[in-house]
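I open this notebook to record what I looked up in one structure.

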Amino acid sequence: MAEFPKSDSVDIMLFSEGTYPYVKGGVSSWILQLMKGLPELTFGVCFIGATPFLDGEPMQISYEFPPNLKHLEVHYLFDNKENEKVDKKREGSKEGFESVEELYKSFQANQGEIPDMLKNIDFYIKDVTFEDFLYSKRAWDFLTKTYRKNCPDISFIDYFWTLRNIHKPIWILAKIVSKLPKVKIYHSPSTGYAGFLGALSSYTNNRPLFLTEHGIYTRERKIDMLSADWIEYKRPTLLQVPEDYNYIKKMWINFFNKIGLFCYYRSNHIFSLFSGAQKIQISFGAPKERTRIIPNGVDVDRLMTTIKDRVTPPRPIITLIGRVVPIKDIKTFIRAMKLVLESVPDAQGWIVGAVDEDKEYVEECQQMALALGLKHRVQEFEENRTKLSAQEIEESSDKIKFFGHSDIMKILPKSALQTLTSISEGMPLVILEGFAAGVPCVATDVGSCRDLIEGGINEEDIAIGTAGAITGIADPNALAREYVKLLDFSNGHWQKAQDIALKRVQKYYRQEMFLNDYRKLYNEAIELSWSQLDEKLYGKKDS
């Protein structure tokens, strides 16, 4: 902790939930890009995670801090450490727990804001303390009362720990807010816990709050909860009732819905990366007039310098840049490569990205490639890098090659195509980086991939054309067809796709456009209170 920068005040406080500075790519890259691109502003990062470990190993800092990152603090919500021992029985505040009951009811309701009293940090610090919530007699009475009323047929132990774990982070976040440095603008890259932290900070200090959603947090958590087996209890099939047999899951879903609304209602600006995400935000309760699209951008000029290193025609190398985790569906890419080789026998599939997040999945992917005859031996890794040199990997006879975390400036000019076979995405920067390096893309129809490849900003963008191809999810046959079509360099499809990719990224996705948008918005808000900014933007005087 001593190595982290500390300051009493910053211009912008970013709330990082499970991303920067520990996890590479995605939102972490966006946070770093924002800080480095706006050196005239000072930034703070407040990281919140579940525990200090990833796959049983302590998390490691993944980035060198830019000079304008003046403050960094790290907190964990579920490390199971109770900071204070309670030596005597606690009764708990009657009025306070009446408010907790209101909070609980609001989490169960489908609509409506969190009660006003719970927007005040004094509620968490004075009215019902952390220790009251965890240990008091009134807390126990509250738990048993709601259990008997709502779900007496499920395990009380399951209910007890669920309700405790749902509410416990609220007190931890409130304590974080009470100790944050002085801040001019709060900015969260998601709703969820980070968004709640931003909203509570804004309510407490009357400072502006910006929200930029890279993925729709509430929607993603709902998918997680509905597919999770760790919060499921079993009842004989004939006794199951569709509305209540997953009551525990419903509790979590309602919680994330509610804290999502809490952040939406407080945000002066609600940004998304593409139009599809904006529509989802509105469907989840974001006030339409507060929403706006700011696409990501990349350093086009720097990436275009790699084009000179490309051979003509390109070697038939298809590169997937992404973490080797199930959500990226690497296995579908491997299956597609097996089909490609029937038509393009010298094709290769390069997999470039982190290999330390799900080591079991990495092993499964390698075993699949071996079984399909696409690899001759299992590669070994040290953290995120392969033990082989890049040259050794390139010269091997394997058709599927894992590079681990690598320099894309060296990878992209050797790639004919880029691909994403993901089952979920937001707005993947790697597609834009590939476009700027002259690499067309074949991707699944998730997130903003269709907008990036076919155009989606406006009619003029659509008219530019298609910079690759879009396929369905988990369809190796469709992917293989598109790969083969574009790898036939004699038909002109690849060259046309490259020209379109370069034109689109230069016109709509330059890094300086993205940075200038945020610079203007920060400058507009930085000397205003939340109330003043909201009145200026929407003519409202609410606080």
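My entries follow, beginning with the conventions.

I worked from a predicted model, in which local features need pLDDT of at least 70, side-chain atom pairs count only at pLDDT 80 or more, and totals for chains, interfaces and linings use all residues. Residues are numbered from 1 along each chain as its sequence is written, and side-chain values use heavy atoms, with hydrogens and water left out.

Entry, salt bridges. I searched the whole structure and found 22 salt bridges (a side-chain nitrogen of Lys or Arg within 4 Å of a carboxyl oxygen of Asp or Glu). I looked up D461 and R504, whose side chains meet at 2.6 Å, N to O. This pair joins helix α18 (residues 459–464) to helix α20 (residues 493–508), 43 residues apart; helices are DSSP runs of H or I, at least four residues, and strands are runs of E, at least two, numbered from the N terminus. D461 is buried at 0% relative accessible area, and R504 is buried at 0% as well (buried is under 20%, exposed over 50%, partly exposed in between, with a 1.4 Å probe and protein chains only).

I then checked R323 and E357, which form a salt bridge at 3.0 Å, N to O. R323 lies in the loop between β10 and α12, and E357 in the loop between β11 (348–352) and α13 (359–371). R323 is partly exposed, at 28%.

Entry, helix α5. I noted that A139, F142, L143, T144, T146 and Y147 are buried in α5.
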